[in-house]
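Q: I am new to this structure and would like a close look at a single part of it. Could you take me to one helix and show me what surrounds it?

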Amino acid sequence: MSRISLTVHPSDNVSTLLDFQTDERTTRDGLLLRESIPFGHKVARQEIAEGQAVIKYGVAIGKATKTIQSGEHVHVHNCC
Amino acid sequence: MSTIAAKPLSTAMRDGLSFMGFLRQGGLVGVRNHLAVISTVALCNRIAELAAQRYEAGNGESVLQIKGEFQRGLQLADAQLQNQVIRQLIEHPNIGAALVLCHDRRSAQALQKLFSGKPVEVLAVMDGEGVENTVDLASLALKRLSQQILGQVRVPCPFSKLTFALECGGSDASSAVCSNPAVGQFVDVAIAHGARVIVSETAEFIGGEEVIRAQSISPEIAQSIINCIAITEARMAGDGDHYRGVNPTAENIEAGLTTLIEKTMGAVCKIGNSNFEGCLSFGQSPTGPGLYFMDTPFFSPCSITGMVAAGAQITLFSMGVFNPSGNPLAPTLKICGNPQTVKNWSDGIDVNLSSLITGEMSLDEGGNQVLQAVVDTANGLVTKTEKWGEGQFIIPRSLPVF
């Protein structure tokens, strides 16, 4: 089973993972995950260059502190 | 900040949204036609309860009870707010007729003068001649009042007659990405149809200042909301609770929340893409259609009381884990996207959005379900909190009580 993720707003560049199948590497909408991402955590839907806004709810919730590849986990290690 | 318009919900739902409501004086509309007993002060609560029970036993109809707390001993702004909210609740369009119980004759006479258009009787408990006699007088008054609303029927009303209170409680990862955004979708549609929407709980907006700047109709309105947030934050800091510095907490970070604004948006996304038209004080009514911020404490029964006093006829209550609260006067829709909560608490939940998590439902469909439930409720469908008789009224106080 591919993973369930939810993109809240059409302009978001991250989705939130909403299941516990952390061994799976694809989401139902076809995004390839580069790593294991826990429930409630975010994945980049596209490349986010260093310094670019991380957008969720259609709002800049933070900035990428390094370039984030599509499918990478987005959290405090690469966003603040 | 993007300003993408709300996606259209199903065409049939959007065209000519209307409902069947009770027309009141001054063009107000009720979604309920309650016979209410309102006790203005705790001293009268038991008499009110006994009168309601006596009336219900004799007539087989239920009476909505609104109970008082302090009255004397309150100072200045607290005393004014107490009186204002009680008056607003009596005038609320979901009440068809009201019996108001005061302790003394002077308060009763002052209140009686205020209501001309609506069936309202005000009794002073001190004017009774014994407990038995006073309960009798009160239940007879309820009987007279009930006859005055007997023939009232629902008539077609436009959606623009509705004011909604937004609330969230028991928040978790599911409410941040399921029920709150679905409520946001509904809010955009409701506002497009001329409704008023109020969101409150000032503390929940700490960290959301940029969103408020981006989603207000003027810089002045944004600033007035941001000032309320700053005052609340300073008061919280007075207790040694430095909200901004410690958020998101280690627990939040473990749950996947990266920044304070992300945490705040989990609640604030209830407002959808709409813009704030004004900043209201506790209980203050909106002056026109659109989205309004109300400066209230974050405790749900208290913040909902402020929005209902301001005229909200329906409350939308988004949850993650279960929170029993609601409002007795403004039917409260409990909306939940957490599959475990839905499974355990189906007898307390009105809108089940758990298939958003399983991917079987889109957010648009979620918004549609909320809208359908709102229309059904406005037409008279009994909500779960109404079924259980759940709900409280709490008026905040900021000064010592004597």
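A: Happy to! Keep in mind that this is a predicted model. Let us visit helix 3 of chain B, which covers residues 76–91.

Start with its length. Helix 3 of chain B has 16 residues, and from its first C-alpha to its last it reaches 23 Å. That is close to the 22 Å expected at 1.5 Å a residue.

Next, look at which residues are hidden. The buried residues of helix 3 of chain B are Asp78(B), Leu81(B), Gln82(B), Val85(B), Ile86(B), Gln88(B), Leu89(B) and Ile90(B). As you read that list, one rule is handy: an α-helix has 3.6 residues a turn, so residues three or four places apart point the same way.

What lies over these buried residues? Among the elements of chain B that cover them are strand 3 (34–39), strand 4 (64–66), strand 5 (95–102) and strand 6 (120–124). Helices take part as well, including helix 4 (105–112) and helix 12 (300–309) of chain B.

Rolling a probe the size of a water molecule over the atoms shows where empty space is left. Here the count comes to 2 cavities of 30 Å³ or more, and the largest cavity holds about 100 Å³ of space. Strand 3 and helix 3 of chain B are the elements that give two or more residues to the lining of this largest cavity. Helix 3 of chain B gives the most, with 3 residues. You can find Gln82(B), Ile86(B) and Leu89(B) in the lining, and these three are also among the buried residues of the helix.

Who else lines the largest cavity? Ile38(B), Ser39(B) and Thr40(B) are there, together with Ile66(B), Lys67(B), Gly68(B) and Glu69(B). Phe393(B) and Ile395(B) complete the lining. By kind, the lining residues divide into 6 nonpolar, 4 polar and 2 charged.

For contrast, glance at the other cavity. The second largest cavity has about 40 Å³ of space, and its lining includes Leu166(B), Glu167(B), Cys168(B), Ala267(B) and Val268(B). The elements that give two or more residues to this lining are strand 8 (163–168) and helix 11 (260–268) of chain B. Strand 8 of chain B gives the most, with 3 residues. The lining of the second largest cavity divides into 6 nonpolar, 1 polar and 4 charged residues.

So much for the tour: in helix 3 of chain B, you have seen a helix with buried residues such as Leu81(B) and Val85(B), and one that gives the most to the lining of the largest cavity.

Methods: Residues numbered from 1 in each chain as written. Chains lettered and ligands numbered in written order. Predicted model: local features only at pLDDT ≥ 70, side-chain atom pairs only at ≥ 80, totals over all residues. Heavy atoms only, no water. Helix = DSSP H or I, 4+ residues; strand = E, 2+ residues; numbered from the N terminus. Expected span 1.5 Å × (residues − 1). Buried < 20%, exposed > 50% of the residue type's maximum accessible area, 1.4 Å probe, protein only. Contact = heavy atoms within 4.5 Å. 1 Å grid on protein atoms, 1.4 Å probe; cavity = no way out; pocket = protein on both sides within 12 Å on 5 of 7 lines; lining within 4 Å. Points joined across faces, edges and corners; volume = space filled by probe spheres on them. Nonpolar A, V, L, I, M, F, W, Y, C, P; charged D, E, K, R; others polar.
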